[in-house]
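Please keep the picture open while you read.

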Amino acid sequence: MAPDTLEADSIIYRIGDRNLLKNIYLKCQVGEVVGLLGRNGSGKSTLLKIIFGTLETENKSIRINGKRCQRPFTQHLISYLPQESFLPRSLKVRQLISLFLPSREKQEALKEHARIQPLLSKTVHQLSGGQLRYLEVALLLHLDTPFLLLDEPFSGIEPLLKEHMQELILAHKETKGILVTDHNYRHIIDVSDRLILLTEGTCRPIHHLQELEDWEYVPAGIFS
Ligand SMILES: Nc1ncnc2c1ncn2[C@@H]1O[C@H](COP(=O)(O)OP(=O)(O)OP(=O)(O)O)[C@@H](O)[C@H]1O
């Protein structure tokens, strides 16, 4: 059975005597984008690192189709966009695509992409912050992993490119389950099928946008 359900369950994370994450449960299915919102320092990045498997914690259960999986990234089940850029600066975009994507077909598809094609002869350090972020997200979306965690894909990019980033994410959601977090909450709302708010160490499903005001994530009056 193809992997189609990712569950992160019973996640607890403490920093000193602070309970940052208290018994978190969240689920993401192939074909949906789940938007994770939360105030600065609420633990969103920490949660993504724990799910990806690069941050250890005292308690967690990551399951794919119900089967426990200690480090999903080693089995090519999850890919992850960290907040900081992760690409080597000295390589040309063309080389990077060939190195990063195992499938020739995906390499060619990305090289022909309208917003990537003009960048092919540039080295990574010649790209603007927004171009770099777009390239990173495009590379990860072209991998065959069924799940993708995106930490601040809209950060530092101009309004027009944000629209293109949204389109890029939506163009791939049929074959992926995508968990995305960002402070550009309107873009997260637009791109997501479901919203979750991480607050007080707990994931709360958001059914109505007004709840974002009730939990004081956005100022009163924005949605009401
Ligand atoms: N290695 C660490 N040592 C001590 N405190 C840490 C460490 N990593 C994270 N924290 C603290 O954990 C809390 C959650 O951090 P995290 O980066 O996960 O939050 P976030 O919701 O992603 O925040 P932001 O929206 O500002 O990126 C913060 O208070 C942060 O200071």
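1. First, the ground rules. This is a predicted model, in which local features need pLDDT of at least 70 and side-chain atom pairs count only at pLDDT 80 or more, while totals for chains, interfaces and linings use all residues. Residues are numbered from 1 along each chain as its sequence is written.

2. What the record says. UniProt, in an unreviewed entry, puts the feature "domain: ABC transporter" at residues 6–224. UniProt positions follow the numbering used here, feature names are shortened, and annotations may be inferred rather than shown by experiment. Over residues 6–224 the chain is 29% helix and 27% strand, and the end C-alpha atoms are 33 Å apart. Helices (H or I, at least four residues) and strands (E, at least two) are DSSP runs, numbered from the N terminus.

3. The six-stranded sheet. Follow the open sheet in the order β6-β7-β8-β3-β9-β10, and you will find mixed pairing. Two strands pair if DSSP finds at least two bridges between them. The edges are β6 (78–81) and β10 (202–206); each has a single partner strand, so one side of each is left without a neighbour in the sheet. From one strand to the next, the twist averages 20°. Axes here are lines fitted to C-alpha atoms, for helices over the stretch in contact, and angles run from 0 to 180 degrees between N-to-C directions.

4. Over four bridges, β6 pairs in the parallel sense with β7 (residues 147–151). Y80 has L149 in β7 as its bridge partner. Lying across β6 and β7 is helix α4 (residues 129–141), which runs at about 175° to β6.

5. Is β3 buried or exposed? Strand β3 (residues 33–37) is mostly covered, with five of its five residues buried. Buried is used here for a residue with 20 or more other C-beta atoms within 10 Å of its own; exposed takes 12 or fewer, and partly exposed is in between, with C-beta atoms placed from the backbone. In a regular strand the side chains alternate between the two faces of the sheet. On one side of β3 sit V33, G35 and L37, on the other V34 and L36, and all are buried.

6. The partners of β3. Four bridges join β3 to β8 (residues 177–181), and the two run parallel. With β9 (residues 194–199), β3 also pairs in the parallel sense over four bridges. Look at G35: it stands opposite V180 in β8, and its bridge partner in β9 is L195.

7. The four-stranded sheet. This open sheet has the order β2-β1-β4-β5 and antiparallel pairing. Its edges are β2 (18–29) and β5 (67–68), each with a single partner strand, so one side of each is left without a neighbour in the sheet. Helix α1 (residues 44–52) packs on the sheet and touches β1, β2 and β4 (59–64). The direction of α1 makes about 120° with that of β1.

8. Strand β1 (residues 5–15) pairs with β2 in the antiparallel sense over eight bridges. I15 stands opposite R18 in β2, and L6 has C28 in β2 as its bridge partner. Two residues lie between the strands of this hairpin, where G16 takes a positive phi near 60°.

9. Which residues surround the ligand? They are I15, L20, G38, N40, G41, S42, G43, K44, S45 and T46. By class, the shell has two nonpolar, seven polar and one charged residues. Ala, Val, Leu, Ile, Met, Phe, Trp, Tyr, Cys and Pro count as nonpolar, Asp, Glu, Lys and Arg as charged, and the others, Gly among them, as polar.

10. A look at L168. It lies in helix α5 (residues 159–172) and counts as partly exposed because it has 18 C-beta neighbours inside 10 Å. Leaving aside neighbours within four places in sequence, L168 is in contact (C-beta atoms, placed from the backbone, within 7 Å) with V137, A138 and L141. L168 and V137 are 31 residues apart in sequence and 8.4 Å apart in space, C-alpha to C-alpha.

11. Finally, W215. It lies in the segment after α7 (210–214), and its 16 C-beta neighbours inside 10 Å are why it counts as partly exposed. Beyond neighbours within four places in sequence, W215 is in contact with L197 and T199.

Notes
Contact = placed C-beta atoms within 7 Å. Near = placed C-beta within 6 Å.
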